[in-house]
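Please look through the structure shown here before reading the report that follows.

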Amino acid sequence: MGADNDSTFSHFILIGFSDRPQLERVLFAIILPAYLLTLLGNSTIILVSRLDPHLHTPMYFFLTHLSFLDLSFTSSSIPQLLYNLSGPDKTISYVGCALQLVLFLGLGGVECLLLAVMAYDRFVAVGKPLHYMVIMSPRLCMGLVSVAWSCGVANSLAMSPVTLSLPRCGHRRVDHFLCEMPALIRTACVNTVAVEGTVFVLAIGIVLSPLVFILVSYGYIVRAVLRIRSAAGRQKTFNTCGSHLTVVSLFYGNIIYMYMQPGNSSSQDQGKFLTLFYNIVTPLLNPLIYTLRNKEVKGALRRLLLGSREIGEIRAGSRQTRGK
């Protein structure tokens with residue numbers, strides 16, 4: 001096995017939670033409904049933001065992109081995980097593994113930068129409310145989103161080939177439930193200090209720099225909120241910004257733990273559960289956080305549901321009239 005040429009690899013074996021068969025059954029029963037709810041929740045956010053004219057604002061433009069990212073991110077790994085949990089087959093094709101890695105790195109990087117863009121949007125909304133719609137023009141919003149996508153994709157295209165090209169001396173077993181970069185680096189049979197150092201440097205640019213920007217932005221936001229004399233105005237601002245800050249905390253807490261440290265230093269089992277949380281729990285909670293704490297989204301949902309019911313009643317009445 002050790003003499004195998006890496007170029008002949010047709011598949012990897014994702015060990016995942018296979019050493020705990022009972023846990024696999026429990027995880028399958030939890031993850032399947034959670035994944036379906038994630039699809040439903042994020043799809044609802046996208047549809048409501050697109051269909052309700054009251055939500056055609058920069059904030060909901062960015063929220064739509066965040067929901068699309070969450071949909072794509074969780075769908076890049078959870079279906080494969082569910083397949084592996086449901087039976088003895090733990091394999092993933094080389095192409096499938098490469099695609100998972102590219103999407104995981106790319107979409108994760110885009111989300112880091114998009115959360116920074118959303119923090120800037122809230123900073124402008126709170127700090128300069130009278131000029132908000134002028135500053136956050138459609139052109140600027142599209143430009144900021146394009147930069148986030150471009151940098152995230154560039155990061156993925158830079159690191160994915162390096163990770164996949166590491167010599168593995170025939171080792172096909174990946175001690176994780178998906179083809180994640182630290183897990184793939186650990187399968188290498190060569191010294192990976194240089195690669196890990198590169199990952200750390202890129203993480204500073206993709207992960208820490210946006211986080212610092214978010215914290216600075218919220219420092220200014222808190223100062224601006226404290227100047228608002230109206231208690232209702234302060235409460236509304238805190239609700240809107242609190243939703244975003246909660247999402248940032250969930251997202252960055254896991255990311256920093258996983259990527260801002262050397263690949264072999266953390267508990268592998270702990271890393272699996274953190275990645276699972278990051279992959280399914282965070283995308284599941286994001287729609288709940290934004291809808292439960294946001295009166296505008298709840299109002300838009302109510303308007304759409306009532307509108308659909310009224311249309312149904314009108315059509316039913318029209319059919320009854322024609323029947324007479």
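Is C112 buried or exposed? In this predicted model, C112 has a relative accessible area of 2%, so C112 is buried. C151, by contrast, counts as partly exposed, because its relative accessibility is 33%.

## The disulfides

A disulfide is a covalent bond between the sulfur atoms of two cysteines.

Because C97 belongs to helix α4 while C179 sits in the loop between β3 and α7, the pair ties together parts that are 82 residues apart in sequence. C97 is buried, at 0% relative accessibility, and C179 is likewise buried, at 0%.

Another disulfide joins C169 to C189, with 1.9 Å from S to S, and with 70° about the S-S bond this link is right-handed. C169 lies in the loop between α6 and β3, and C189 in the loop between α7 and α8, 20 residues apart. C169 is partly exposed, with a relative accessible area of 30%, and C189 also counts as partly exposed at 30%.

## The sheet and its helices

Three strands form an open sheet in the order β2-β1-β3, with mixed pairing. Because β2 and β3 stand at the edges, each with a single partner strand, one side of each is left without a neighbour in the sheet. Helix α4 packs on the sheet and touches β1 and β2.

The axes of α4 and α6 come within 8 Å and cross at roughly 145°, and the crossing is right-handed. The residues of this contact comprise 19 nonpolar, seven polar and no charged.

Technical notes:
Residues numbered from 1 in each chain as written. Predicted model: local features only at pLDDT ≥ 70, side-chain atom pairs only at ≥ 80, totals over all residues. Heavy atoms only, no water. Pairing = 2+ DSSP bridges. Helix = DSSP H or I, 4+ residues; strand = E, 2+ residues; numbered from the N terminus. Contact = heavy atoms within 4.5 Å. Axes fitted to C-alpha atoms, helices over the stretch in contact; angles between N-to-C directions. Left-handed = near helix turned anticlockwise from the far one by under 90°. Nonpolar A, V, L, I, M, F, W, Y, C, P; charged D, E, K, R; others polar. Buried < 20%, exposed > 50% of the residue type's maximum accessible area, 1.4 Å probe, protein only. Disulfide = S-S within 2.5 Å.
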